[in-house]
Amino acid sequence: KACKKAGMETPCNHPNYADGKCVAVFKRAIHLSYNPHNGLPGKKLKNLYSYCGRANGNKALQNYHNSHRWSKPYDEDQEAMCVKPFPVNPKKAVVTWHKHNFYKVRVKGAMNSVNIRAACKKYGYQVPCDHKAYKDRHCVIVNRHGHMSYSRHHNFPRKIIDRCFFYCGKANHGKSLMNWRNSHRWSYKGDRDETTLCIKKVKVPYHKPIYLFKRNGFKFYKVFLKGSPSSQNILKACNKEKMLTPCNHPNYADGKCVAVFKRAIHLSYNPHNGLPGKKLKNLYSYCGRANGNKALQNYHNSHRWSKPYDEDQEAMCVKPFPVNPKKAVVTWHKHNFYKVRVKGAMNSVNIRAACKKYGYQVPCDHKAYK
């Protein structure tokens, strides 16, 4: 009552006394009233009482000399310990990581997934999933490899993530996971009014196509890809920039993409294609209707299929080398030869139309085809 009247929180004397009404100041098995264990300034805590729930008949423990003792019936009009959490600024981003701004937000009440979601929603933020296994309609996957609450799984700034709780959906009865030292742990009753991290996606600005390199008669470009990196969106992005869409593999050639490689080679798999991997890093390429219209990403020293949470990425588009159709490249057997670009599929009808466009004749491949 005293702490509540003062507008403060009631600290639990020990984590074992956490009953949902007090705040566990210590996460380890340490008494708030026993100076030799807690490392707190004993002189300032001298004779103060602290909350122990229903333990020992609703009694409290007093910081007494260099030890502690249970309250007595004749102890009246004494003083107790109350706490206030450090203030946080929920409107100021603490870090930008994986194309998201992170905000530290104070959660009201028990540190469960429901309350974490409510805290982020209050400020119009999204909720990061602790792990992709906990993905539901309420959280967003930011870390693809392991737990957000487990520092060894990522390179997120340790000072910022320390002791923060993360959303885990319905896992473990709706509890949340806390970044604890060099590991993580599940929330319990004493975890109240702590902090979580909420997110807001950084708007990726449109950029003009970036030239990468030349290969196999094509110039390669990095192109901004709005939305999910599906094969259909890659096709739209390349068309928008008036470029051609390269097929990730000859097997994905469906008449909408250009086969840059004629052999069975993936455009997204560096060990096979001999392309400069650093310039193609994380780029997506067209795969037609394969695997549900997904695209393949050049990923580390391998490749992977696009995920539903991959948004606002970059894709590969190409431009064919320019040719001069009005300049003869060679004279042979009393004929001038001109190199002409054919529009569309490389069939005999389109080849004939390309030559006709410039008033040229069409050479037969073989006399049998005359």
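Start by selecting leucine 177, which sits in strand E9 (residues 177-180); strands here are DSSP runs of E with at least two residues, helices are H or I runs of at least four, and both are numbered from the N terminus. This is a predicted model, where local features need pLDDT of at least 70, side-chain atom pairs count only at pLDDT 80 or more, and totals for chains, interfaces and linings use all residues. Residues are numbered from 1 along each chain as its sequence is written, and side-chain values use heavy atoms, with hydrogens and water left out.

Leucine 177 counts as buried because its relative accessibility is 3%; buried means under 20% relative accessible area, exposed over 50%, and partly exposed in between, with a 1.4 Å probe and protein chains only. Show its contacts (heavy atoms within 4.5 Å): not counting residues up to four places away in sequence, leucine 177 touches, among others, Tyr134, His147, Phe165, Phe166 and Trp186. For scale, draw a C-alpha to C-alpha distance to serine 33: 28 Å, across 144 residues of sequence.

Next, jump to tyrosine 51, in the loop between strand E1 (49-50) and helix H4 (55-58). At 25% relative accessibility, tyrosine 51 is partly exposed. Leaving aside neighbours within four places in sequence, its contacts include Pro11, Cys12, Tyr17 and Lys21.

Now pick helix H8 (residues 231-240), whose buried residues are Ser231, Asn233, Ile234, Leu235, Ala237 and Cys238. After H8 comes lysine 242, with a positive phi near 60 degrees.

Two further stops for backbone angles. Most residues other than glycine have a negative phi. Asparagine 291 has a positive one, near 50 degrees; it is found in helix H11 and is partly exposed at 39% relative accessible area. Aspartate 77 also has a positive phi, near 50 degrees. Look for aspartate 77 in the loop between strand E3 (67-70) and strand E4 (93-97), where it is exposed, with a relative accessible area of 81%.

Finally, select Lys200, Lys203, Lys226 and Lys240, which form a positive surface patch. Lysine 200 is in strand E11 (residues 195-201) and is partly exposed at 45%. Patch members have over 30% relative accessible area and no salt bridge, with like charges joined within 9 Å and nonpolar side chains (Val, Leu, Ile, Met, Phe, Trp, Tyr) within 5 Å. A salt bridge puts a side-chain nitrogen of Lys or Arg within 4 Å of a carboxyl oxygen of Asp or Glu.

Technical notes:
Accessible areas come from the Shrake-Rupley method with a 1.4 Å probe; for residues, only the protein chains shown count as cover. Lys and Arg count as positive and Asp and Glu as negative; His and the chain ends are not counted. The place of a charge is taken as NZ of Lys, CZ of Arg, CG of Asp or CD of Glu.
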